Amino acid sequence: MIQLKVNGSARKFDGDPEMPLLWYLRDVLNYTGTKFGCGAGLCGACTVHVNGEAIRSCVTTMKDAAGKAITTIEGLGAKQEHPLQAAWKQCNVSQCGYCQSGQIMQAAALLKAKPKPSDADIDTAMQGNICRCGTYQRIRQAIKIAAEVKA
Amino acid sequence: MNRIERVSRRGFLGTAFGAGALVLGVQINEVEGATPAWMPSVYLGIEPNGTAVIVAHRSEMGTGIRTVLPMVVADELEADWKKVRIEQALGDVKYGSQNTDGSCSIRDFYDAMRAAGATVRLMLEQSAAKKWNVPVSECKGQNHFVVHAKSGKKAGYGELVKVASTLPVPKKGEWTLKPESEFRYIGKEMPTMEQGDHTRGAGKFGIDAKMPGMLYASIERPPVLGAKLKSFDDTAAKQVKGVVRTATIDAFKPPHNFQALGGVAVLADSTWAAAQGRKKLKVEWDLGPNGSFDSAKDKAEIMAKAMQPGKVVRNIGDVDKAFAAATNLHEASYYIPLLSHAPMEPPAAVAEWKDGKVVTYAATQNPQAVQESVASAMGIKKEDVTCHVTLLGGGFGRKSKPDYVCEAAMLSKTVGKPVKVVFSREDDIKFDFYHANAGMYMKAALDEKGRPTAWLHRSVFPSIGSTFDATAEYGQEFEMGMGWVDLPYAIANHRAENGPHKNHVRIGWMRAVAHIYHAFAIHSFVDELAAKAGRDRVEYILDLLGPDRKVPIEPVGMKYWNNDQGQDTYPVDTARLKRVVELVAEKSGWANKKPQKGRALGIAAHRSFLSYVAAVVEVVVDERGRVTIPRVDIAIDAGRIINPERAKSQLEGAAVFGTSLAMMGEITAADGRIVQSNFNNYPVARMPEAPLVTHVHLVPSNALPAGIGEPGVPPIAPAITSAIFAATGKRVRELPIRKTKLV
């Protein structure tokens, strides 16, 4: 039996310990804000926080998530809207919106580590997250706005 | 009662996502049994509480159309945007075309949306006139109220519904459109409805749809187009925990159209279990004639055909005579490989077969094609296919082809439960309807100023027509009409020839379609001619466009496609193309940014989807040959633009999409099988590779609306290679650029 915390709630899982966390979140818990994009840690659509760090849930097994605290996009601004979420709206970042949960989760981890990221910091942190609609310049802009707010 | 039409009350959220208690962020807009909205138009109704229900009949895949068309309705209705609710339409012919494709939603429905708004506004005004016993001409809809200025009376739209619903629906000629000076939303920058949801992960896509009791399918499809299932062993697959059963899907009958490819499906109680089970399948295929398809050979064949005379599709003057007389000739060949759409959400749908009918929730650009294709696969009437349209996590043309919905429906019938089909990324890359590879040969005779006096352009590519006619080898009218036979330059002798080529994979339209390869060849060639003449590229393009005029396009053996519009309403207008060239040159600082070693600007200008676009791209090529793009400027004249904010976002996105296909996109086949599988070997632009910033310049215009979603794409690749040449002296004639060593 695997025990973990998801968005503050204690959970138990007795299925395949090799199952990626992504499918547990989506298929079992119905936290569908976390998206499938590649299944191989190549696109970042499935990014969530495990003990505060951004990881790719499509290549993180349930076994590895055991005992950890998971935060998904649904949990990020549950109490109070995250400055990134506000900045995303301010910049009208989303086109199709599909990758944006992962983008925001990745950016949230970046701001936690580097409250005032440079362009190069943003490139490094965000290059694992693909946006096929091509919203990158607005993502960059939104991260900078949120960094101002947080600072 | 005039309740002519009434859309689904619950919408897709209520049924597909409401079941699980753990579903977060879902707001069920409707309560079962509530008083239904008065729907005098298929696109618009008013609820008794005054809420304007605007029906989005086009699919939202990121263009903003789900917000932008309703803005037009709301404007004519004189609605308060805060009191507007958008309801996504089911697939239904009553809406007209729902195929969200071809950058035509605004162009085709601007008038219809205004008519819907104006009709309902008049009925509300008539209702108020009755209520107050005053002439209707004295009543005016204003921001969700009808106002009688003389008496100062005012009534909210909601309270006028009851009487309005007893009135006959006014006919054309009875209602009047608002003057432009009173536009409330049209032309204004407004955020799309889904921006907030997308920051909370609350947007609901096809991949998020669920039906009670559904099974998850993972399908082993024929690895080669037309391959037949020989045998399979599912013993090990069925032993995987969570796997319920397997099922076969019959192979399609040619032409493949949007049919399921066929194969063996593993059905399980989770996505993961289905995928694990599929890995344990042992399947043998009879590969058939496409089993020897090889991209290197295919490319050689295409390039050889491009050197041969082909079918003449445009002919002005006498190219051969001009070539024979010329002393200054230039020729070049260009090639673009197969490309995959790779939307971030792969194809996804859930479907249930029950009592001879199908209900599906699908990420689809074309719900009526879903109805037709599923009906055809199941042998039922299309009216018996109910297609709920979810949000789409990108589309780019892939989700116009509902093969994946057919798979879900067919499997549901086999297993007696709802079935969800989600392509893995590998499935998506390997079973796409690929953007055609194309080879193009160009030749020009030049005058003393380096201007072409004769121009020959041969183009060879597998046609999208092969999707609907297995024997098709020549381009379709629409493919030839995409930036090729409609060359707008002032050249006395001009011939276009199309060579035949057979498809060996599924070929389909991808964002900007045939414009991509035609624009690459034409504008690369123009760039070469300008360089050869030693002339400034902007000045050369303007000279080539000649005097301001509307160019009559008269292809040979077909009519000019022109996006199915007449040349009287949407002519090929060189003045508009010139204008965007001049605008982008000015805004990019072209005149003051002369090429330097390793850093330069490039330019291309192209008319597509009835819009005029010019792009200037700045590239930096470092000492290792690595290309970065610090800046893009794009100018567009798309006629009237409804929401400039979304227009800008589409063009910003087009610059990135164009960068991906120019720099890195390539699909190849070996032994009939697609080689690429995921974003590691089919890369798309990531943040550091994308343009750092794209400045979009919109030409203010009241002209008829034209395309926005696609026209930004075609000029990007040739503008990048134009810049690379200026920065390095290296001429790139084949995409992707990464295959050419730049230093």
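# Exercises on chain B

B:N562 touches B:Q567, B:Y570, B:R607 and B:L610, leaving aside residues up to four places away in sequence. The model is predicted.

**Exercise 1.** Where does B:N562 lie, and is B:N562 buried or exposed?

*Solution.*
- Start with the place. B:N562 sits in the loop between β22 (550-551) and β23 (572-573) of chain B.
- Next, take the accessibility. Buried means under 20% relative accessible area. B:N562 has 0%, so B:N562 counts as buried.
- Then look at B:Y570. Its backbone oxygen lies 3.0 Å from a polar atom of the B:N562 side chain.
- Finish with B:L610. B:N562 and B:L610 are 48 residues apart in sequence, and their C-alpha atoms are 7.3 Å apart in space.

**Exercise 2.** Describe the setting of B:T246: which strand holds B:T246, and which residues does B:T246 touch?

*Solution.*
- Find the strand. B:T246 belongs to β10 (residues 243-249) of chain B.
- Check the cover. The relative accessibility of B:T246 is 10%, so B:T246 counts as buried.
- List the neighbours. Not counting residues up to four places away in sequence, B:T246 touches B:F232, B:D234, B:K238, B:A265, B:V266, B:L267 and B:L281.
- Pick out B:D234. A polar contact of 2.5 Å links its side chain to the side chain of B:T246.

**Exercise 3.** At what angle do the axes of α3 and α4 of chain B cross, and which residues make the contact?

*Solution.*
- Two packed helices are described by the angle and the distance between their axes.
- Apply this here. The axes of α3 (residues 105-132) and α4 (residues 157-164) of chain B come within 8 Å and cross at roughly 85°.
- Classify the angle. The range 65 to 115 degrees counts as roughly perpendicular. Therefore α3(B) is roughly perpendicular to α4(B).
- Name the residues. α3(B) contributes B:R121, B:M123, B:L124, B:S127, B:A128, B:K130 and B:K131. α4(B) contributes B:Y157, B:E159, B:L160, B:V163 and B:A164.
- Sort them. The contact has seven nonpolar, one polar and four charged residues.

**Exercise 4.** Which strands pair with β20 of chain B, and in which sense?

*Solution.*
- Begin with β20 (residues 452-460) of chain B. Eight of its nine residues are buried.
- Take β19 (residues 438-446) of chain B. Eight bridges join β19(B) to β20(B), and the two run antiparallel. B:G439 stands opposite B:V460 in β20(B).
- Look at the turn. β19(B) and β20(B) form a hairpin with five residues between them. In that turn, B:G450 has a positive phi of about 80°.
- Now take β21 (residues 493-499) of chain B. β20(B) and β21(B) pair in the parallel sense over seven bridges. Here B:H457 stands opposite B:A496 in β21(B).

Notes. Residues are numbered from 1 along each chain as its sequence is written. Chains are lettered from A and ligands numbered from 1 in the order in which they are written. This is a predicted model: local features need pLDDT of at least 70, side-chain atom pairs count only at pLDDT 80 or more; totals for chains, interfaces and linings use all residues. Side-chain values use heavy atoms; hydrogens and water are left out. Helices (H or I, at least four residues) and strands (E, at least two) are DSSP runs, numbered from the N terminus. Buried means under 20% relative accessible area, exposed over 50%, partly exposed in between (1.4 Å probe, protein chains only). A polar contact is a pair of N or O atoms within 3.5 Å; within protein, one must be able to donate a hydrogen and the other to accept it, and residues adjacent in sequence count only if both atoms are side-chain atoms. Contact means heavy atoms within 4.5 Å. Axes are lines fitted to C-alpha atoms, for helices over the stretch in contact, and angles run from 0 to 180 degrees between N-to-C directions. Angles under 35 degrees count as roughly parallel, over 145 as roughly antiparallel, 65 to 115 as roughly perpendicular and the rest as oblique. Ala, Val, Leu, Ile, Met, Phe, Trp, Tyr, Cys and Pro count as nonpolar, Asp, Glu, Lys and Arg as charged, and the others, Gly among them, as polar. Two strands pair if DSSP finds at least two bridges between them.
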